[in-house]
Amino acid sequence: MELKAPTNFTFDIHQMMREHSVLLAFTGEFDMKIINALITSVKMKMSEVEPAGKVKKKVYNVMVECLETLFRNYEEDQTVSKLINSFSVFTLSRYKDQYSLLSGNYIFNENIAAKKAQIEKINGLNQEGKKKYFRDCISAKESKERNSELAMIDIALKSGNPLGYDFKTVDSLTSFFVFQVKINIR
Amino acid sequence: MTSLIVEPTDLTPGVRFLPSTFEFEISGESRPENVRKFYEPVMEWLENYKVWLKSNKPGSVDKLIFKFKFQYFNSTSAKFLTSIIARLDAIRKEIMPVEIEWYYDTPDVDMKNSGEEFSKMFTLPFRFYSVELM
């Protein structure tokens, strides 16, 4: 049987993952079961590829928070259809002297400005400023916005690098939010 | 005063608060699906313990030591840990000395840093211990 199209597609994905040194990639709907399976998988993978315990721990700490943030994004945006949610994506790759954690999920266009402002605010802080912001967030009254801020500042503090982001317009209602966290190996 | 014992799971920490022997420890991973549901009984127990201590101040120990031995906790758990530490600080202010022993896995600088951030928010003393937790 001729399998040309799917074969090409599979090969392209394989090549792309090799080029980007992808250690793990998942696309689909993120629930707690999937998140736990990914965490277990990364734990195993990291013990194979990363000798430095400090880096291993840091990747784990940041990854769990990133995955849980993806899951929380669903809960916040329940009106986004299940179909759209099922195309969220997460990748972990290692290139040269950095690990890169990338996540992508759909977001309402009306929420872009707030998300962008949140990330830019964090990126504008030095490490001491981030620590103070973290303390403010954990002692503030609980709210969805505060929890989202707390997750972002926690990720930024642990990674020690600026948070990367992009919004790809999908249609008049939604965009695809790409979020990148880098962790230095040395 | 009854003890509070919660067995650990992959997602939730183990809690061993034993007032009869003055052993207080919380350890493991903390990323519960419902963080509030997990931590509310712990906070409620501490509130009750504070009330109990007011009329039953122990003579056999001069301070209470609470051990925190986390391998990981997510940011939402951090919020509830703040509330737990605030309750311990209230015991220290109103009843008797309380100390926190903060254990972290040697390579886990993030866990050490988190403990240091908590210690900046409260006046009760923190002692840090680098150990092999894995």
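What percentage of the 186 residues in chain A is buried? Buried residues make up 27% of chain A, where a residue is buried if 20 or more other C-beta atoms, placed from the backbone, lie within 10 Å of its own.

This is a predicted model, in which local features need pLDDT of at least 70 and side-chain atom pairs count only at pLDDT 80 or more, while totals for chains, interfaces and linings use all residues. Residues are numbered from 1 along each chain as its sequence is written, and chains are lettered from A and ligands numbered from 1 in the order in which they are written.

**Chain A**

Select chain A and colour by secondary structure. The elements follow the order α-β-α-α-α-β-β-α-α-α-β-β from the N terminus on.

**The sheet of chain B**

Next, select the strands of chain B. Six of them form an open sheet, ordered β1-β2-β3-β4-β5-β6, with mixed pairing; two strands pair if DSSP finds at least two bridges between them. β1 (4-6) and β6 (126-131) of chain B stand at the edges with a single partner strand each, so one side of each has no neighbour in the sheet. From one strand to the next, the twist averages 15 degrees.

Now select residues 23-30 and 64-73 of chain B. These are β3 and β4, which pair in the parallel sense over seven bridges. Within this region, B:Gly28 has B:Phe70 in β4(B) as its bridge partner.

**Two helices of chain B**

Select α2 (75-94) of chain B and α3 (residues 109-121) of chain B. They pack at an angle of about 45 degrees, their axes 11 Å apart; axes are lines fitted to C-alpha atoms, for helices over the stretch in contact, and angles run from 0 to 180 degrees between N-to-C directions.

Show B:Ala78, B:Leu81, B:Thr82 and B:Ile85 in α2(B), which meet B:Ser114, B:Phe118 and B:Met121 in α3(B). Two residues are in contact if their C-beta atoms, placed from the backbone, lie within 7 Å. The residues of this contact of α2(B) with α3(B) comprise five nonpolar, two polar and no charged; Ala, Val, Leu, Ile, Met, Phe, Trp, Tyr, Cys and Pro count as nonpolar, Asp, Glu, Lys and Arg as charged, and the others, Gly among them, as polar.

**Between the chains**

Finally, display both chains. Their contact takes 17 residues from chain B and 20 residues from chain A. On the side of chain B that touches chain A, α2 and α3 of chain B each supply at least two residues.

Terms used:
Helix = DSSP H or I, 4+ residues; strand = E, 2+ residues; numbered from the N terminus. Buried ≥ 20, exposed ≤ 12 C-beta atoms within 10 Å, placed from the backbone.
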